Amino acid sequence: MTQVLGIDPGSRTMGYGIVKLVQNQPQFVVCGCLNLGSKSLPDRLVDIFHCVSDLVKNYQIDSFGIENVFVSKNTRSALVLGHARGSAIVAARLDSIPIFEFSPREIKQAITGTGSATKEQVQYMVKTLLHLEHTPPSDAADALAVAMTTITHMSSPSELTS
């Protein structure tokens, strides 16, 4: 059984989702959102690090997927998001967990079949593919989508980053 942690990084809210692969089928384990509030950036980065470290240890994570930074117009936001990503990645790498990184477009394509899917479409497909009773919050659904995308790419060594 393989357990994959997916992260939808954020400096204010970080989504996380864990999916296990059982007989080649993804199964829901847990998901949620870490709300980081209005603490200082260094304190939020520490919280992200501890959250990811705890998830890796408590759920015996085998692989880790994370969404790449999307740079639009606000470079400061991209920089802060990069810090949040770095904190999560370091937490996983300290336990030698393989890291997979995907663009938002790649994740949407893998989950919905189109790279231009809306957040609502991703949420719907995550709920459907994992047979969930309730629709997860957007950040948690995105993290589950990252975990499921990671599962589909784990056998492709060229996707692995070290």
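Mentor: Contact here means heavy atoms within 4.5 Å, and we will apply that criterion to a predicted model.

Trainee: With that in hand, which residues is Leu-5 in contact with, leaving aside its neighbours within four places in sequence?

Mentor: Leu-5 is found in strand 1, and, once those neighbours are set aside, its contacts are Tyr-16, Gly-17, Ile-18, Val-52, Leu-55, Val-56, Ile-61, Ser-63, Phe-64, Gly-65 and Ala-147. The C-alpha atoms of Leu-5 and Ile-97 are separated by 10.0 Å, although the two residues lie 92 residues apart along the chain.

Trainee: Is Leu-5 buried or exposed?

Mentor: The general idea is that a residue counts as buried under 20% relative accessible area; Leu-5 has a value of 0%, so it is buried.

Trainee: Which residues touch the most other members of the largest nonpolar core?

Mentor: That core has 23 residues, and those touching the most other members are Leu-5, Ile-7, Met-14, Tyr-16, Ile-48, Val-52 and Phe-64. Two or more residues each are given to this core by strand 1 (2-8), strand 2 (13-22), strand 3 (25-35), helix 1 (41-58), strand 4 (63-67) and helix 2 (75-93). Taking Ile-48 as a case, and again leaving aside neighbours within four places in sequence, we find it in contact with Gly-10, Met-14, Leu-34, Leu-36, Ala-84, Ser-87 and Ala-88.

Trainee: How should I read the crossing of helix 3 and helix 5?

Mentor: Angles from 65 to 115 degrees count as roughly perpendicular. The axes of helix 3 (residues 104-112) and helix 5 (residues 138-153) come within 9 Å and cross at roughly 80°, which means that helix 3 is roughly perpendicular to helix 5. Helix 3 makes this contact through Ile-107, Ala-110 and Ile-111, and helix 5 through Ala-145, Val-146, Met-148 and Thr-149; by class, the contact has 6 nonpolar residues, 1 polar and no charged ones.

Trainee: Which residues of helix 4 are buried, and where do they lie around the axis?

Mentor: In helix 4 (residues 119-129), the buried residues include Val-122, Gln-123 and Val-126. These cover an arc of only 100° around the axis, and therefore they sit on the same side of helix 4. On the other side of helix 4, Glu-120 and Tyr-124 are exposed, while the cover over the buried residues of helix 4 includes helix 3 and helix 5.

Trainee: What follows helix 4?

Mentor: Helix 4 is followed by His-131, whose phi is positive, near 55°.

Methods:
Residues numbered from 1 in each chain as written. Predicted model: local features only at pLDDT ≥ 70, side-chain atom pairs only at ≥ 80, totals over all residues. Heavy atoms only, no water. Axes fitted to C-alpha atoms, helices over the stretch in contact; angles between N-to-C directions. Helix = DSSP H or I, 4+ residues; strand = E, 2+ residues; numbered from the N terminus. Parallel < 35°, antiparallel > 145°, perpendicular 65-115°, else oblique. Nonpolar A, V, L, I, M, F, W, Y, C, P; charged D, E, K, R; others polar. Buried < 20%, exposed > 50% of the residue type's maximum accessible area, 1.4 Å probe, protein only. Arc of directions from axis to C-beta. Core = buried A, V, L, I, M, F, W, Y, C linked by side-chain atoms within 4.5 Å.
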